[in-house]
Amino acid sequence: IRFHRILLTGAAGGVGTQLRPRLKAYCDVLRVSDVVESLPAAGEGEERFVVNLADKAAVFKMVEGCDTILHLGGVSVEKTWEEILQGNIVGLVNLYEAARQYGVKRIIFASSNHVVGFYRQDQVINSRDPPKPDGFYGLSKAFGEDLAQLYWDKHGIETVSVRIGSIFPKPTDRRMLATWMSYDDAERLFMAAMTAPLVGHSIIFGMSDNKTVFWDNTNAKHIGYRPKDSSDVFRDEVEAKFQKLDLNDVATRYQGAAFTRTGPFFQD
Ligand code: 15L
């Protein structure tokens with residue numbers, strides 16, 4: 001499947017920057033957007049939009065003419081409630097309303113493992129287990145998943161909510177041996193989500209083929225995502241760095257690790 005125009009939001013972020021050149025292979029036109037002016041200029045076959053998601057009119061212009069959206073935009077870590085409200089709640093409603101207006105058929109929504117961050121690391125959960133957000137950020141992603149469900153049930157817009165673990169060059173702590181997803185696997189997952197024949201609203205955990213797991217993706221098998229990388233290649237390196245396990249440390253205790261803390265930006 002080739003798309004005419006894909007919209008990539010959050011294109012200046014860590015994941016967006018990596019995905020941007022890769023997505024070009026799947027569409028005639030790649031429209032990239034971000035809130036920051038530092039978003040690199042449009043290359044060949046690209047269109048560039050600097051947009052604040054809380055600005056409804058701007059979001060509508062950004063969405064018009066797009067076949068599908070990979071929505072990585074919004075606030076991506078714990079921040080003040082006001083910032084999360086604007087970026088992830090108001091912004092998401094704007095995006096879905098625009099999608100409804102312009103007939104976008106499917107959205108790939110970057111949800112997060114922080115929707116379930118208060119499950120413990122000795123629990124293996126699946127997508128039907130109730131959310132246990134670990135902060136306002138995780139809560140906003142839980143809202144996003146429910147919003148996606150509503151727009152499927154009521155308006156027939158499909159969404160794959162990807163509860164992304166940790167997309168980084170490599171796992172850097174013990175928790176990430178379970179949560180890590182390589183950039184190559186992220187591309188595989190996002191493209192599987194974009195092209196699977198029928199998804200309705202599906203929730204999938206975004207991780208590589210890791211040996212240590214917190215999440216069971218059985219409910220998302222219809223998407224056909226086959227990871228090819230594994231965090232285990234880095235296991236010795238990681239375990240050598242973190243030899244002593246403190247079982248009372250949230251980094252070892254909870255799936256959401258530091259996000260479960262209180263304190264500045266962790267909502268005391
Ligand atoms: C997230 O949701 C963040 O966007 C990312 O920066 C990482 O912190 C990731 O979760 C994680 O849990 O590793």
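Let me begin with a term: a contact means heavy atoms within 4.5 Å. By that criterion, residues 24 or more positions apart account for 67% of the contacts in the chain with a separation of 6 or more.

A word on the source. This is a predicted model, in which local features need pLDDT of at least 70 and side-chain atom pairs count only at pLDDT 80 or more, while totals for chains, interfaces and linings use all residues. Residues are numbered from 1 along each chain as its sequence is written, and side-chain values use heavy atoms, with hydrogens and water left out.

The C-alpha atoms of the chain fill a box of roughly 55 × 40 × 35 Å along the principal axes. Of the 268 residues, 52% are buried, where buried means under 20% relative accessible area with a 1.4 Å probe, protein chains only.

Is Gln 255 buried or exposed? Gln 255 is buried, at a relative accessible area of 0%. Gln 255 sits in the segment after helix 8 (250-253); a helix here is a DSSP run of H or I, at least four residues, numbered from the N terminus.

Which residues does Gln 255 touch, leaving aside those up to four places away in sequence? Among them are Asn 113, Tyr 119, Arg 120, Arg 175, Phe 214 and Trp 215. With regard to Arg 120, its backbone oxygen lies 3.0 Å from a polar atom of the Gln 255 side chain.

Definitions and conventions:
Buried < 20%, exposed > 50% of the residue type's maximum accessible area, 1.4 Å probe, protein only. Helix = DSSP H or I, 4+ residues; strand = E, 2+ residues; numbered from the N terminus. Polar contact = N/O pair within 3.5 Å; in protein donor to acceptor, adjacent residues only side chain to side chain.
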